[in-house]
Amino acid sequence: MRSTFTVTYILMVVAQMLLTNYFHFTTLCMVTILPMMVLCIPTKVDTPWAMAIAFATGLAVDFFAEGALGLNALSLIPVAFVRKGLINMIFGSEPFEHKENISARKYGFTRVSFAVILVTTLFLAIYITADCAGTRPLWFMASKLGISLLASYLVSALIVNLLSYDDRR
């Protein structure tokens, strides 16, 4: 990974911690940029390393912000696991063949948005199911998923270009 990406990634982890600690609007809304961050890990990073990065990221956010140790880590590991297949499905094999990173400039905002929505939905579905763990009704979990997906997508769409740099710049 390039050092620019690494520094930006660490700053995004800190930003997620600040979002988690200081921007709790309601119990129905959770804002997360973690799935978008894992999606934007450079394509030259293999799946096991991406899963290790996702685990460390989730654990750091859990430890310093959430309080429920392991919840973000549990939800981020499947995102890292499906990352390669999802990129291959949406963007084709080109990013892996050319060792390019996902960028809205190259692949278009619509395709990048679709990928962000899919990984965020996966993350939130696992997170909300594990967090509620039989203590909340289905309507609450579905409402939280919908509202959180909308809020998280809006924030992720604003900052996706920070992590998805173009190597040829």
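Predicted model: local features only at pLDDT ≥ 70, side-chain atom pairs only at ≥ 80, totals over all residues.
Visitor: Which residues of helix 3 are buried?

Guide: Buried here means under 20% relative accessible area. In helix 3, which spans residues 47-66, the buried residues are T47, A50, I53, A54, T57, G58, V61, D62 and A65. Viewed down the helix axis, the buried residues of helix 3 fall within an arc of 165°, so they line one face.

Visitor: What do the buried residues of helix 3 pack against?

Guide: They pack against helix 1 (3-22), helix 2 (34-39) and helix 4 (71-91).

Visitor: Which residues are exposed on the other side of helix 3?

Guide: Exposed means over 50% relative accessible area. On that other side, P48, W49, F63 and F64 are exposed.

Visitor: Which residues make the nonpolar surface patch?

Guide: A nonpolar patch joins nonpolar side chains within 5 Å, from residues with over 30% relative accessible area. In this model I10, V14, L18, Y22, F23 and F25 make a patch of about 660 Å². One of them, I10, lies in helix 1.

Visitor: How many disulfides are there?

Guide: A disulfide needs two cysteine sulfur atoms within 2.5 Å. By this rule the count is 0.

Visitor: Are C29 and C132 buried or exposed?

Guide: C29 counts as buried at 10% relative accessibility, and C132 is buried with a relative accessible area of 4%.

Methods
Residues numbered from 1 in each chain as written. Heavy atoms only, no water. Buried < 20%, exposed > 50% of the residue type's maximum accessible area, 1.4 Å probe, protein only. Helix = DSSP H or I, 4+ residues; strand = E, 2+ residues; numbered from the N terminus. Arc of directions from axis to C-beta. Contact = heavy atoms within 4.5 Å. Patch = residues over 30% accessible without salt bridge, like charges linked within 9 Å, V, L, I, M, F, W, Y side chains within 5 Å. Areas by Shrake-Rupley, 256 points an atom, 1.4 Å probe, with all protein chains shown as cover. Salt bridge = Lys/Arg side-chain N within 4 Å of Asp/Glu carboxyl O.
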